[in-house]
Amino acid sequence: MAVFTAVTLDDLSQWIKQFPLGDALALQGISSGIDNSNFFLTTERGEFVLTIFENLGFEQLPFYVQLMRHLAERGIPVPAPVPNASGELVVTLHGKPAIIVSRLNGASQMDPQPVHCAEVGTMLARMHLAGRDFPMTQPNLRGLDWITATAPQVLPFLSEPEAALLRNEVTFQGDFAATQAYGALARGPVHADLFRNNVMFEGERLTGCFDFYFAGVDTWLFDVAVTVNDWCIDLATGELDEARVQALLAAYHAVRRFTAEEQTAWQAMLRAGALRFWLSRLYDFHLPRAAEMLTPHDPTHFERILRERIARPAHPLPV
Ligand SMILES: Nc1ncnc2c1ncn2[C@@H]1O[C@H](COP(=O)(O)OP(=O)(O)OP(=O)(O)O)[C@@H](O)[C@H]1O
Ligand SMILES: N[C@@H](CCO)C(=O)O
């Protein structure tokens, strides 16, 4: 159960008046999700999602929430935050920051086929292009600085082969980030966590994506790598499925062409994407936060993916 802050319809009867949504008619806690309390909210104006932030403070939210608004305004299918009468998107509920966003139709596709991966590739490229004129900046808070600072904290918990892999990969990524090819990569706001459980489908049609709370400014190619490392793999082995990889990359390329620098950086970036999630999962596993209530994700999944990407270079990007 992932509703950490209890809310009733009664609690909302006055609170909802600040929004142009009419009365709240129904409220239902959403059980998935490990970071925030989420509710499906029905009002006189339609279906929405109410999120209460359990770990992020008011000062950390504008980047994410304004980015969602920016993308929604440009036709990218992401939840649109609803402003209150004063134009505020983030408001207080039970002493915590809260937002109301539009509800996306559909359900997650946890067994994606090439046709779904193509939809994801198209949407990701459109999202990157739509983010070009987003005026706010915030670095990817799970980028190389975080990786370099966090790796030493988990090293004491690791076996020697794991520790060697982590040390070598952090060094490899540090060297790669210093190259000219890396410096020349196109950058902008990226989702940075576009996993299967953060995208909705109705049949073969993508209806939207959500969970922007790891978004930040980073290379577009990093976002592509993170997405491919989840959507286009055999979950048991971490191996890339060629048909799904090709479908996702070709669809992306049809909207925004990959550059020569991106061709050069592709293999290293797939490793960077795997390292980022291996490390965050190791951290959550070995150093859980006091407030953490749910089982952490399995770190060995991304260790396998990282070893696999090192051992077997992926098919090159489309030209
Ligand atoms: N705008 C939306 N429209 C429809 N469903 C949504 C929307 N936002 C969230 N959900 C539903 O709520 C669930 C939890 O949302 P989300 O993954 O953002 O929570 P979280 O606690 O931030 O998650 P995470 O485990 O990824 O950290 C999703 O799996 C999805 O089913
Ligand atoms: N997608 C992340 C969880 C945070 O959203 C993971 O699988 O480790």
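**The shell around ligand 1**

Modeller: The residues of this shell fall into 9 nonpolar, 6 polar and 3 charged. Keep in mind that the model is predicted.

Start with the residues themselves. The shell around ligand 1 holds 18 residues. Those that come nearest are Ile34, Asp35, Asn36, Leu104 and Asp211.

Now look at individual atom pairs. Leucine 104 places a polar backbone atom 2.8 Å from a nitrogen atom of ligand 1. Serine 102 also uses its backbone: one of its N or O atoms there lies 3.1 Å from a nitrogen atom of the ligand. Asparagine 38 uses its side chain instead. An N or O atom in that side chain is 3.1 Å from an oxygen atom of ligand 1.

How much of the ligand does the protein cover? On its own, ligand 1 has 620 Å² of accessible area, and the protein covers 88% of it.

Next, the elements behind the shell. Strand S2 (36-43) and strand S5 (96-102) each give two or more residues. S2 gives the most, with 3 residues.

Finally, step back to the domains. Why does ligand 1 lie between domain 1 and domain 2? Domain 1 spans 9-102 and domain 2 spans 114-311. Ligand 1 lies between them because both give residues to its shell.

Key: Residues numbered from 1 in each chain as written. Chains lettered and ligands numbered in written order. Predicted model: local features only at pLDDT ≥ 70, side-chain atom pairs only at ≥ 80, totals over all residues. Heavy atoms only, no water. Near = heavy atom within 4 Å. Polar contact = N/O pair within 3.5 Å; in protein donor to acceptor, adjacent residues only side chain to side chain. Areas by Shrake-Rupley, 256 points an atom, 1.4 Å probe, with all protein chains shown as cover. Helix = DSSP H or I, 4+ residues; strand = E, 2+ residues; numbered from the N terminus. Nonpolar A, V, L, I, M, F, W, Y, C, P; charged D, E, K, R; others polar. Domains from an automatic or database assignment.
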